[in-house]
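Please walk me through this structure in the viewer, one selection at a time. Tell me what to pick next and what is found there.

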Amino acid sequence: MILNVNNASFSYDGITKQFEDVSLSLRQGEILSLLGRNGTGKSTLIKCILNILRLQGGTVEIGGRRVDDMRTEEIAQQVGYVPQAHRAVFPFTALDFVLMGRAPHIATFAVPKEEDYEKAEAAFARIGITPLREKCISEMSGGESQMVMIARALAQEPSLLILDEPTSHLDIGNQTKTMATIDRLAADGIAILMCTHFPDHAFLVSHTVAILEKGRLIAQGRAEDVITKENLREAYGVDICVHYIEEAGRTVCIPISPCGCRGREATTPANRHGAMIASPLAEGETNGFR
Amino acid sequence: MTHRKEPIIEIGQEPRKNVAIGFWRSVFRDGTPAHEAVLRLIPAGKAIYLLPIILFFFSLFFGRYVMDPVETFRILTVGTANAFLDGASSLLSTVSGHQVLLPSFEQTWEASKQTVVFRIRLPRVIAAMLVGGGLSIAGASFQGLFKNPLVSPDILGVSAGAGFGAAVGILLSGNPMVIQISAFFFGILAVAVAYGIGHTVGKSSTLVLVLGGIIVGSLFSAFISLTKYVADPYDTLPAIVFWLMGSLSAVSNADITAVAPPILLGSICLFLIRWRINLLAVGEEEARALGVDTKRMTIVLVIASTIVTASAVCISGIIGWVGLVVPHIGRMLVGPDFRKLIPVSAVLGASFLLVVDDIARTLTAAEIPLGILTALIGAPFFAYLLTRKKVGWIS
């Protein structure tokens, strides 16, 4: 086991729990997708795993050692972290940026050596973004900077990679490419924990899926068992159908007449005489946004 | 044999030609003005290190009393050698118990010129370099720490604190030594209080640290106004006002020996952690995830920068703009990587303040306060930099 989270609980103010009794584990080469609505504590959980925030209860173990007994650089040698998005203030080049991933392997007063440059180059090559090397991160598109951040995490040579919503800023093409990259890294033996807002993506790559709702894991297991209509309704508060699409060759999740949106079907021939459709949420109901 | 050689040479020459053409094409890219094309040829990152050396010699012979450059150079080298030999003789004398006299070089110039070089210009030139370089390194480091290119070294209130300390020193004694020590002490105290506020309120967030600095800064500014209000308008008030405008006119060799060690020590410390400042500059959480102990790093950086700034300010008075503008120029020359930015900021800052101080002492018969000149030169220059759009952080 690379990652073991046992009965973890955390609260910012000591009263309201962000999450409690969360238990997860991850093996080499395994991908775990963490689902759940906004503000349910996914990012907080990640920060606790990285020991940026301290758990109130329970433990996090990485490679068999408790994170609160490890020094910051020891954790960083094991765990690579890809944040949601980087807000660039200074226009570092991608190479300088990826080189920062070598920090846990470089002494405090030292600067990167030849070997570190080679490892950074290797990280570029592994993701297939070598042409971006000299480009400034402040001039990059969302997709490019996402790839550079994954490369930086790889330069840490981690055994566990944590991604916080890796696809939330990306267009549909880049989303797919990012998923393919993540899948490839897992095939190379890296354990991957990712938060995502797209249950579809869990079907694409995950070995296991966990759903966090109101600070508790409501379901955990294989994607086919966890991502069901019932669980998704509980997690997101809307009706979502889960279908296997022959043409795409995979299972997708589609919200059913979302929150009373009229959509195009209002004008399809079948509905035309009915004028307004009879959506279950059409009459001023707002609980779709709760 | 000759048959074989020829094609090999040809093959070898072909790409070389292309490289040369490609190189010139890259230099004279379509539409670039000639002066920029020439500038691109000079390796700015390396040539820049010669600048303070050139300016150092220039500043020694240049002034309202212009000296012969060659003679100045001779005075400097031979004089320094003689000083060393003198020191060695007296050391040998005390060690051996006998009178030992090492030979010394003949002095071919008037004693007054020796005084001008060694007692008047040299301390001033060294002070300008130390203060300019130190403020720039501290400014660059703070810009990284606070992830904000508009930060200057006095963001945590060190200048306001030092100003108050100096004002109190002027009111109470007027002794330059007392003024300096008081300025240094209150400068450090101001930052300590700002850090304390940041620490108690917001654990380790740099934003709260900045707010603490603003609070302390305005508090000490009020204290400065108070000391001005109670000061004697014919005696101590002008002294306070002039101190706050900054000047290097009163710097002595003793001052240099007092402040050079802390400035150099703090600068070396910042130089050593220069690569880690990159990590702080991308954000606290990311730095933590990359294995940086951000809390310890912040403390080290704040202490080193504050010692440098407080030491600089206590001999020069308050000199604005240097710590803000110089790192920007450095960033335009070598990019945002602190590995290069820290040393380049040091040499640029030293050169900049040297030039400004030369202007301050030569432009008019009376001294022009440095703070006025740095703002007069720095502000328009900064505006010019902003219009050039090469500044990466403005989108």
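How many disulfides are there over all chains? By the distance rule, which takes a disulfide as a pair of cysteine sulfur atoms within 2.5 Å, the count is zero. A disulfide is a covalent bond between the sulfur atoms of two cysteines.

This is a predicted model, in which local features need pLDDT of at least 70, side-chain atom pairs count only at pLDDT 80 or more, and totals for chains, interfaces and linings use all residues. Residues are numbered from 1 along each chain as its sequence is written, chains are lettered from A and ligands numbered from 1 in the order in which they are written, and side-chain values use heavy atoms, with hydrogens and water left out.

**Stop 1**

Select Cys195(A), then Cys269(B). Buried stands for under 20% relative accessible area, exposed for over 50%, and partly exposed for what lies in between (1.4 Å probe, protein chains only). Cys195(A) is buried because its relative accessibility is 0%. Cys269(B) has 23% and therefore counts as partly exposed.

**Stop 2: chain B as a whole**

Colour chain B by secondary structure. Helices (H or I, at least four residues) and strands (E, at least two) are DSSP runs, numbered from the N terminus. Chain B has 17 helices and zero strands. Of its 395 residues, 47% are buried. Contact here means heavy atoms within 4.5 Å. Among the contacts in chain B with a separation of 6 or more, 74% are between residues 24 or more positions apart.

**Stop 3: Ser141(B)**

Select Ser141(B), which sits in helix α6 of chain B. Is Ser141(B) buried or exposed? Its relative accessibility is 0%, so Ser141(B) counts as buried. Show what surrounds this residue: apart from neighbours within four places in sequence, Ser141(B) contacts Leu270(B), Ile277(B), Leu301(B), Ser305(B) and Ile342(B). Now draw a C-alpha to C-alpha distance from Ser141(B) to Ala304(B): the two are 9.6 Å apart in space and 163 residues apart in sequence.

**Stop 4: the interface between chains B and A**

Show both chains. The contact involves 34 residues of chain A and 30 residues of chain B. Buried area is the accessible area (1.4 Å probe) that two parts lose on being put together, summed over both. For chain B and chain A this comes to about 2700 Å², with 65% of it on carbon and sulfur atoms. Select Trp275(B), Glu286(B) and Leu290(B): they supply 23% of the area that chain B buries against chain A, more than any other three residues.

A polar contact is a pair of N or O atoms within 3.5 Å; within protein, one must be able to donate a hydrogen and the other to accept it, and residues adjacent in sequence count only if both atoms are side-chain atoms. Seven residue pairs are in polar contact between chain B and chain A (both at pLDDT 80 or more). On the side of chain B that touches chain A, the elements giving two or more residues are α6 (111-145), α12 (274-281), α13 (284-289) and α14 (294-316) of chain B. The largest share, six residues, comes from α12(B).

**Stop 5: a salt bridge across the interface**

A salt bridge is a side-chain nitrogen of Lys or Arg within 4 Å of a carboxyl oxygen of Asp or Glu. There are 27 salt bridges over all chains, and three between chain B and chain A. Select Arg339(B) and Asp96(A), whose side chains form a salt bridge at 3.4 Å, N to O. Both residues are buried.

**Stop 6: salt bridges within chain A**

Go to Glu20(A) and Arg216(A), a salt bridge with the closest N and O atoms 3.5 Å apart. Glu20(A) is in strand β2 (residues 19-26) of chain A and Arg216(A) in strand β10 (residues 216-221) of chain A, so the pair ties together parts 196 residues apart in sequence. Glu20(A) is partly exposed at 28% relative accessibility, and Arg216(A) is partly exposed at 41%.

Next, select Arg222(A) and Glu224(A), which meet in a salt bridge of 3.4 Å, N to O. Arg222(A) has a relative accessible area of 47% and is partly exposed; Glu224(A), at 49%, is partly exposed. Then select Arg102(A), Glu115(A), Asp116(A), Lys119(A) and Glu157(A), which are linked in a network of salt bridges.

**Stop 7: Gln146(A)**

Finish in helix α5 (residues 142-155) of chain A, at Gln146(A). This residue is buried, with a relative accessible area of 2%. Which residues does Gln146(A) contact, leaving aside neighbours within four places in sequence? They are Val82(A), Pro83(A), Gln84(A), Pro166(A) and Leu170(A).
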